[in-house]
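Have your viewer ready and follow the selections one by one.

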Amino acid sequence: MNQPHLAIVGATGAVGAEMLVCLEQRNFPVGRLTLLASARSAGRTVSFRGEEIPIRELTHDSFEGVDIALFSAGGGISKEYAPSAAAAGAVVIDNSSAFRIDPDVPLVVPEINPGAVARRPHNIIANPNCTTIVSLMALKPLHDAFGLRAVIASSYQAVSGSGAQGILELEEQVRALANGDPVTPRVYPRQIAFNVIPQVDAFTDNGYTKEELKMLHESRKILGLPELKASCTCVRVPVYRSHSVSITAVFDKPVDAAAARAAYNGRPGVKVVDDPQNQRFPVPLDTTGGDDCLVGRIRENLVLDNALDLWVVGDQVRKGAALNAVQIAEIL
Ligand code: A2P
């Protein structure tokens, strides 16, 4: 594919806008660029490489001549329009959860399972859940070293994971509370400013949220470990950007913290920041706008055998979404 024709569905959203930044920063070869969003945005322009590109309304006919279509406008839009894009000959890279568990749709983190893009019978490739990507960037080198068996995790997820509306809600609530005004939650079930909310996505019948189950099912698929056990509590925190995850990981082989740190040597996309005596550990502000996931607080678990505790932080708009999708496009 030479200088491909790219389409971005959801180009006005938080992830769509970051996809444009990633394409520019990574010098991705773009022959033509079609930017798509809802009728509300049609007619607006967005600047890309110094050029003003018009936003068009998404329709089933939007994909003629498109080589790669990056979707980030929610699961409903993906379900409805991704098949049209694929039928028109585009390879779809879908950021939603619509197709992730379909056995005929590869679920890809380029640093972990790049080869999976080759078998894509529907011409659709899925971008994994953001918390799953950030967690697996930390877990894969340890899996290679010690053999991953089980994961127990708690996430601290930024509001940008809910898109532009989540960012706006936090901003509005902080401003309102500073002025002594009341707040009315719209995006989140409770006030998010100066609070934490132990619900990300909808609850399922077994007491877990969909987000928490994505960690289990998607990790199994990406790592090729159908027997992997994983239990997760996903929490929304009043942070603008970058998800953090506290992980306890259990392995087949004996572990030690120094060997775990060494396992990250030479691994692209993940770096160790782990010198707690000198207050060196990753925080969300360290990764915001950056490509690397940062891992710290690596230590042997005091309760379980062959287990490590660790803390990983990554910019979920970039590595958790836009950057990962652009990296998949680079493989193509
Ligand atoms: P629009 O800005 O026109 O509403 P975010 O996740 O940041 O909220 O962004 C969602 C993205 O999905 C936006 O680009 C939004 O476009 C787009 N979108 C939402 N609904 C539709 C729709 N019915 N058709 C096309 N794009 C949509």
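Buried area here is the accessible area, taken with a 1.4 Å probe, that two parts lose on being put together, summed over both. Keep that in mind as we go, and note that the model is predicted.

**Stop 1: the two domains.** Colour residues 5-128 together with 322-331 as domain 1, and residues 132-316 as domain 2. Their C-alpha centres lie 25 Å apart. Between them, the two domains bury about 1,500 Å², and 66% of that is on carbon and sulfur atoms. Now select Leu 107, Glu 111 and Ile 112: these supply 34% of the area that domain 1 buries against domain 2, more than any other three residues.

**Stop 2: across the boundary.** Show the contacts next; 17 residues of domain 1 meet 16 residues of domain 2. There are three salt bridges between the domains, along with five residue pairs in polar contact. On the side of domain 1 that touches domain 2, helix H1 (14-25) and helix H8 (318-331) are the elements that give two or more residues. By type, the residues on that side of domain 1 divide into nine nonpolar, three polar and five charged.

Which residue forms a salt bridge with Arg 100? Select Glu 218 and you have the partner, with the closest N and O atoms 3.0 Å apart.

**Stop 3: Thr 248.** Move to strand E10, residues 243-251, where you will find Thr 248. Is Thr 248 buried or exposed? Its relative accessible area is 16%, so Thr 248 counts as buried, the cut-off being under 20%. Display the side chains of Thr 248 and Asp 309 to see a polar contact of 2.7 Å. Beyond its neighbours within four places in sequence, Thr 248 is also in contact with other residues, among them Ala 150, Val 151, Ile 152 and Leu 304.

Stop 4: Most residues other than glycine have a negative phi. With that in mind, select Asn 27, which has a positive phi of about 55° although it is not a glycine. Asn 27 lies in the loop between H1 and strand E2 (32-37), and it is exposed, with a relative accessible area of 62%.

Finally, select Arg 297, which is not a glycine and yet has a positive phi of about 55°. Where does Arg 297 sit? Its place is in strand E12, residues 293-300. At 34% relative accessibility, Arg 297 is partly exposed.

How values were computed:
Residues are numbered from 1 along each chain as its sequence is written. This is a predicted model: local features need pLDDT of at least 70, side-chain atom pairs count only at pLDDT 80 or more; totals for chains, interfaces and linings use all residues. Side-chain values use heavy atoms; hydrogens and water are left out. Domain bounds come from an automatic or database domain assignment. Contact means heavy atoms within 4.5 Å. A salt bridge is a side-chain nitrogen of Lys or Arg within 4 Å of a carboxyl oxygen of Asp or Glu. A polar contact is a pair of N or O atoms within 3.5 Å; within protein, one must be able to donate a hydrogen and the other to accept it, and residues adjacent in sequence count only if both atoms are side-chain atoms. Helices (H or I, at least four residues) and strands (E, at least two) are DSSP runs, numbered from the N terminus. Ala, Val, Leu, Ile, Met, Phe, Trp, Tyr, Cys and Pro count as nonpolar, Asp, Glu, Lys and Arg as charged, and the others, Gly among them, as polar. Buried means under 20% relative accessible area, exposed over 50%, partly exposed in between (1.4 Å probe, protein chains only).
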